[in-house]
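Q: I am new to this structure and would like to learn how to read its features. Please take them in turn, general idea before particular case.

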Amino acid sequence: LKKKKERKKKNPHIFFIVVNEFCERFSYYGMRAVLVLYFKYFLKWDDDFSTTIYHTFVALCYLTPILGAIIADSWLGKFKTIVYLSIVYAVGQVIMAVSAIHDITDGNKDGTPDNMTLHVALSMVGLLLIALGTGGIKPCVAAFGGDQFNEDQDKQRSTFFSIFYLSINAGSLLSTVITPILRAQKCGIHTQQQCYPLAFGVPAALMVVSLVIFIVGSGMYNKTAPTGNIMVKVFKCISFAIKNRYRNRSSKIPKREHWMDWAEEKYDKLLIAQVKMVLKVLFLYIPLPMFWALFDQQGSRWTLQATTMDGNFGLMVIQPDQMQTVNPILILIMVPVVDFIIYPLISKCKLNFTPLRRMTVGMFLAALAFVAAALVQLQIDASLPDFPSSTEQQAKFINMVDRPIDITAGNYTFQLEAFQDYYTYGRQFELKIDTGSPVLISLPDGTRNTLVILEEAGRIRNIKFGDVVAKPEEGANAIRFFNGFGMVLNITVGEEGFGNIISKNMSTYVDVPQGTAEFLIKNAAGNQCVFSREFGFGSSYTFIIPPTFTLEENCGQHIKEVEDIKANSIHMAWQIPQYFLMTSGEVVFSVTGLEFSYSQAPSNMKAVLQAGWLLTVAVGNIIVLIVAEAATLPDQWAEYILFAALLVLVCIIFAIMAYFYTYIDPAKIEGNFANLEPEDEKKKNLEVAKKDMVENHNEKRRKSSNSSSDEEETSQTNF
């Protein structure tokens with residue numbers, strides 16, 4: 001009856017643990033979703049360096065769980081470890097939010113931080129603290145939740161873990177939807193910019209809430225005292241075996257069946273057998289980091305790829321970092337589909353789809369995902385303008401004369417009406433317009449230029465203006481106006497202004513967001529009109545106000561446009577196939593890998609394999625940062641193919657290793673050793689007794705060394 005009551009006992013305090021995990025996962029994935037764009041657009045790092053720092057951070061997040069587990073099990077206990085490291089975590093999130101406030105160093109109020117070094121330093125300190133916090137509590141929270149149940153509450157414990165992992169997915173899904181929306185807002189004291197402080201601030205607030213909620217339930221928790229960490233014991237056992245083998249490396253000493261058997265002098269055979277089982281699985285882990293090297297690029301390279309694509313989905317506009325949401329959505333759909341449809345169908349076909357074969361297929365699917373990403377990248381590259389190299393120059397001509405004109409520019413001869421194409425020239429070329437005298441034109445290296453052809457008092461001349469030499473950032477559209485009208489015009493769009501544009505002159509570029517933009521054009525007399533234009537993502541236009549322009553209701557019909565850079569034409573939906581392939585690979589690789597590891601692990605060493613699994617994620621991210629810095633591939637699609645090829649190679653190696661792997665039953669092996677334990681103890685006690693006899697004899701010999709030689713001989717004879 002008492003046991004029945006125990007099984008029915010409620011555990012309301014697990015609510016605090018579940019909510020804590022939801023808030024923490026929201027905080028982590030929300031911050032991580034916008035991180036690479038923060039590096040690129042706020043800190044002004046290039047794609048490669050942004051990718052390197054991003055994956056360095058992720059690697060640290062998966063290295064620190066080992067430290068957290070050791071601290072919890074050997075020193076502080078799970079509860080104190082979670083509290084202390086959550087404080088570190090929350091402080092790191094707050095520092096990240098502060099680092100993204102551009103106004104704190106924007107002394108001249110121009111929208112650009114004057115001391116970028118301070119922002120970088122704050123960001124790095126914040127990320128280091130976050131990595132220590134999130135990694136340190138990762139192995140503790142789930143285990144601490146499991147400690148809240150009695151041994152006979154299996155059903156309640158199972159329900160808890162289901163709700164617990166649901167909270168993880170819910171937190172990550174919601175955060176990858178919400179934080180990119182927050183980032184896309186405009187905020188600032190002096191100038192309005194992308195709101196990274198809000199995108200980092202909300203996760204920071206959620207982390208503080210997570211900590212408070214967890215502490216509130218403190219009085220109700222079952223807090224187990226630290227009993228020592230099994231990983232430390234395993235490391236000591238392995239270390240002793242290696243040292244002992246080295247000390248007994250002489251060829252005269254008999255060899256042992258397994259190198260771990262050299263630990264028998266200090267550790268019992270059951271522990272050694274358990275370590276052997278763990279090492280057998282860890283050996284299979286060696287190729288696995290390559291999968292994570294590809295998988296975690298969803299948050300870096302794939303997000304950067306999305307910045308050059310069209311995110312207009314009709315009723316809604318998707319931000320580049322929101323495409324990461326596809327992964328958790330597909331996970332929720334595909335896990336039950338694979339478990340309840342795909343695997344049963346394979347079983348009915350009488351195919352032996354073992355866990356290791358599933359993992360091999362998962363790796364192959366991830367490689368296919370990167371092939372798909374490379375194909376998308378090729379389409380994107382084909383749509384991008386041909387920007388000049390550092391030794392090239394480009395020029396475009398705009399005819400502001402009311403008649404066609406003949407132009408000879410270097411080796412090119414053409415008649416110009418509304419010419420918009422670019423031509424690449426040498427550093428200098430001769431420009432001849434109609435029958436006029438040739439004029440020598442000099443263009444700076446690595447530049448694009450617009451030459452506006454004007455006619456004044458019957459004389460034709462040209463004015464040179466510099467163009468943008470890169471795609472506008474963050475999907476904005478770089479817009480400028482050329483005032484061919486006979487008076488000064490003032491043009492504004494929203495809260496941004498082009499300023500007063502004098503006649504026969506060009507304005508500076510102003511970034512205009514995707515959507516419908518309304519340009520207010522007015523003269524000094526106060527007459528005004530509105531010019532509306534729909535923009536996509538990443539384009540650049542020069543709008544020409546002709547001499548015949550009038551400030552009337554439909555003034556836009558008089559304005560001519562010249563396309564400097566085409567808008568992003570490849571839709572973000574083309575990324576869905578690569579996300580589908582990668583998520584499919586994750587389902588059959590990651591879920592199966594954890595299941596396989598646990599089935600092959602001894603009962604008391606599952607935490608060791610969990611640490612090994614997390615370590616493969618860390619190493620995978622290290623591989624990415626090495627390739628990003630070391631590879632000198634000129635095209636992004638080639639890097640995708642390189643990663644795909646490396647994973648296929650690793651996949652083949654893993655398949656060979658899996659072929660020779662023999663599945664074991666850890667419980668059965670442990671049971672065999674448990675049965676043999678009494679006999680082993682007798683042998684061990686006998687060996688100890690013999691050892692004591694020898695030591696006693698040696699002691700007698702040392703004492704008799706001060707006696708006569710006859711006594712010494714007698715002692716030896718008696719022995």
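**Reading the domains and their contacts**

Q: How many residue pairs are in polar contact between domain 4 and domain 5?
A: A polar contact is a pair of N or O atoms within 3.5 Å; within protein, one must be able to donate a hydrogen and the other to accept it, and residues adjacent in sequence count only if both atoms are side-chain atoms. Between domain 4 and domain 5 the count is 4 residue pairs, both residues at pLDDT 80 or more. This is a predicted model, in which local features need pLDDT of at least 70 and side-chain atom pairs count only at pLDDT 80 or more, while totals for chains, interfaces and linings use all residues. Residues are numbered from 1 along each chain as its sequence is written, and side-chain values use heavy atoms, with hydrogens and water left out.

Q: Which strands each supply at least two residues of the side of domain 4 that touches domain 5?
A: Strands (E, at least two residues) and helices (H or I, at least four) are DSSP runs, numbered from the N terminus. Here the strands are β3 (393-399), β9 (447-456) and β10 (459-466). β9 gives the most, with 5 residues.

Q: Where do domain 4 and domain 5 lie in the chain?
A: Domain bounds come from an automatic or database domain assignment. That assignment puts domain 4 at 386-469 and domain 5 at 472-565. Their C-alpha centres lie 22 Å apart. The contact (heavy atoms within 4.5 Å) takes 16 residues from domain 4 and 19 residues from domain 5.

Q: What is the area buried between domain 4 and domain 5?
A: Buried area is the accessible area (1.4 Å probe) that two parts lose on being put together, summed over both. For this pair of domains the value is about 1200 Å², and carbon and sulfur atoms give 71% of that.

Q: How many salt bridges does the rule find across the interface of domain 4 and domain 5?
A: Side chains of opposite charge can pair when their charged atoms come close. The rule asks for a side-chain nitrogen of Lys or Arg within 4 Å of a carboxyl oxygen of Asp or Glu. It finds 2 across this interface. In the whole structure a search finds 16.

Q: Which cysteine forms a disulfide with C187?
A: A disulfide is a covalent bond between the sulfur atoms of two cysteines; the cut-off used is sulfur atoms within 2.5 Å. The partner of C187 is C195, with the sulfur atoms 2.1 Å apart. The torsion about their S-S bond is about 105 degrees, so the disulfide is right-handed.
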